[in-house]
Amino acid sequence: MAQDHKLAIFRGRLKFKSIKSKIWGVFTLLSIITIIEVYLGIVKPEFLTTNRLFALKYLNWIFLILTVIKAYYITWDFMHMRDEKMGLRRSVVWTGVFLVCYLLFILLVEGNYIFDVYKENYIKFNF
Amino acid sequence: MDTTVAKPSTDNKTWGGGNRPLNTSYGKMMMWFFIVSDALTFSGFLAAYGFSRFKFIDSWPIADEVFTHVPFIHGNFPMYYVAFMTFILILSSVTMVLAVDAGHHMKKNKVIVYLFLTIIGGLIFVGSQAWEWGTFIKGTYGAVETNGGKVLQFVKEDGSRIALGDFAAPIYSERTSQGSNEAIWFYSEKPKTTVNLAEVTKGFLANESLLIRTQYLDKDGKRIVLSRAESVAKLKSDGKSVVEGANLRHNEYGTPLFADFFFFITGFHGFHVFSGVIFNIIIFFNVIIGTYERRKSYEMVEKVGLYWHFVDLVWVFVFTVFYLV
């Protein structure tokens, strides 16, 4: 097996000496992100829950972005995607990303529409 | 498993076969493509959850109020236990990647130790999930379901929740079950709740300070609490039955769809974790008997490792979607 692991994360700003120290470094990063998520989920700061961007609360944006960051590091460092060829990387990642974005867009817009129908029209859940 | 793949000589012919443009073995590539398809399956489920949630966006259960339990400790601890489960799963991912790394260096004993730790982590996670299901099914405070399928929850004046059993006034009644020797057509008995609707109503009317909290959310995402007069009217006109805990049809925390998706998605994920543990155990024994030592390649560890990390990856999303957002 090839031993040539890429040992730098954060676009080369943080370099690790060995693959093992990189694994523990990424683990620390993932733990910190999880702790931040749980902390925000329990405290729910007023400022983040009352303001919205594109109909989604700031807090939820933060959660979603942190989740994607976690997913990136799990795939890139634990699953060694960083060491794979670009062709494999793109065929796996972009396939998923495009289809998921499409699916989410269609289903969430549709769900919102049905909510409006229940709310504005004659079908009521008011009993 | 390079040894099992036929490698015809290529003689610099690009299309002559034996070329590996992605520079990875057949098995590993197929594991990646399986992961892509499985990821799309999970995305479909989570997107369907999002669809249903947007459909009932003003009455969806608040996860902080649903998952508040920690084993062996009483009290209100929102999300602590799920955070612990997440941590365990990430940690077992770390031991897995350490096992893969030890395999690259052909260190058999280290692979054994790390794989063992991974299996233990997986079992702790599955066990925790089973416990979480148990508490969710059992429920916390209980609620009254209305004719429209919504739930009414009970709160004290300061807004804190109160369990049905704490205020319901007992009414003596007898219940006999009908046998098949008495009739031909009859419905089978409904599951019995610890208190019935008449007892809850009686207790609620007797206790002036209690209020009803509806399933609906106000602008800031807080549940709407009715005034005393509204509460009494609501309970009398709309109350249909008592609901304790959650199952596929009733859910004391709110929309039954929430429980359906919770059982289905975390169940499907838990099944993945379980099968991942089984794969790990098989590979674990293969390592012990020296299969990969003879093969001179620990790539099988890497392949199940990919699957195991994928399970972790899915949990990251399930965690966000069900517990945080």
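What covers the buried residues of H3(A)? Start the tour there.

**Ground rules.** This is a predicted model, in which local features need pLDDT of at least 70, side-chain atom pairs count only at pLDDT 80 or more, and totals for chains, interfaces and linings use all residues. Residues are numbered from 1 along each chain as its sequence is written, while chains are lettered from A and ligands numbered from 1 in the order in which they are written.

**Stop 1: helix H3 of chain A.** Select A:58-78. Helices (H or I, at least four residues) and strands (E, at least two) are DSSP runs, numbered from the N terminus. The buried residues of H3(A) are A:Leu59, A:Phe63, A:Lys70, A:Ile74, A:Thr75, A:Asp77 and A:Phe78. A residue is buried if 20 or more other C-beta atoms lie within 10 Å of its own, exposed if 12 or fewer, and partly exposed in between; C-beta atoms are placed from the backbone. Now show the cover. From chain A it includes strand S1 (8-9), H1, H2 and strand S4 (56-57). From chain B it includes H3 and H10.

Check the helix length. The 21 residues of H3(A) should span 30 Å at 1.5 Å a residue, and its end C-alpha atoms are 29 Å apart, which agrees. The expected span is 1.5 Å times one less than the number of residues. Just after H3(A), pick A:His80, which takes a positive phi of about 60°.

**Stop 2: the contact between the chains.** Colour by chain. Chain A brings 45 residues to the contact and chain B brings 49 residues. Two residues are in contact if their C-beta atoms, placed from the backbone, lie within 7 Å. On the side of chain A that touches chain B, H1, helix H2 (46-50), H3 and helix H4 (86-120) give two or more residues. H4(A) gives the most, with 16 residues. By class, this side has 25 nonpolar, 14 polar and six charged residues. Here Ala, Val, Leu, Ile, Met, Phe, Trp, Tyr, Cys and Pro count as nonpolar, Asp, Glu, Lys and Arg as charged, and the others, Gly among them, as polar.

**Stop 3: the largest core.** Select B:Ala99, B:Val111 and B:Leu115. They have the most contacts inside the largest nonpolar core, which has 71 residues. Such a core is a set of buried Ala, Val, Leu, Ile, Met, Phe, Trp, Tyr and Cys residues joined through C-beta atoms within 7 Å. H1 (19-43) and H3 (58-78) of chain A each supply at least two residues of this core. So do several helices of chain B, including H3 (80-104), H4 (108-138) and H8 (256-288). H10(B) gives the most, with 16 residues.

Zoom in on B:Val111. Leaving aside neighbours within four places in sequence, B:Val111 is in contact with B:Ala99, B:Ala102, B:Gly103, B:Val287, B:Tyr298 and B:Val301.

**Stop 4: domains of chain B.** Colour domain 1 (46-139 + 266-324) and domain 2 (143-173 + 191-244). These bounds come from an automatic or database domain assignment. The C-alpha centres of the two domains are separated by 38 Å.

**Stop 5: strand S1 of chain B.** Select B:143-146. Both faces are covered: B:Ala143 and B:Glu145 on one side and B:Val144 and B:Thr146 on the other are all buried. S1(B) pairs with strand S5 (239-243) in the antiparallel sense over four bridges. Strands pair if DSSP finds at least two bridges between them. B:Val144 has B:Val242 as its bridge partner in S5(B). Two bridges join S1(B) to strand S2 (151-155), also antiparallel. There B:Glu145 stands opposite B:Val151. S1(B) and S2(B) form a hairpin with four residues between them, and B:Gly149 in the turn has a positive phi of about 85°.

**Stop 6: two positive phi values.** Most residues other than glycine have a negative phi. Pick B:Asn23, in the segment before H1 of chain B. Its phi is near 55°. B:Asn23 is exposed, with 12 other C-beta atoms within 10 Å. Then go to B:Met79, in the loop between H2 and H3 of chain B. B:Met79 has a positive phi of about 70°. B:Met79 counts as buried, with 22 C-beta neighbours inside 10 Å.
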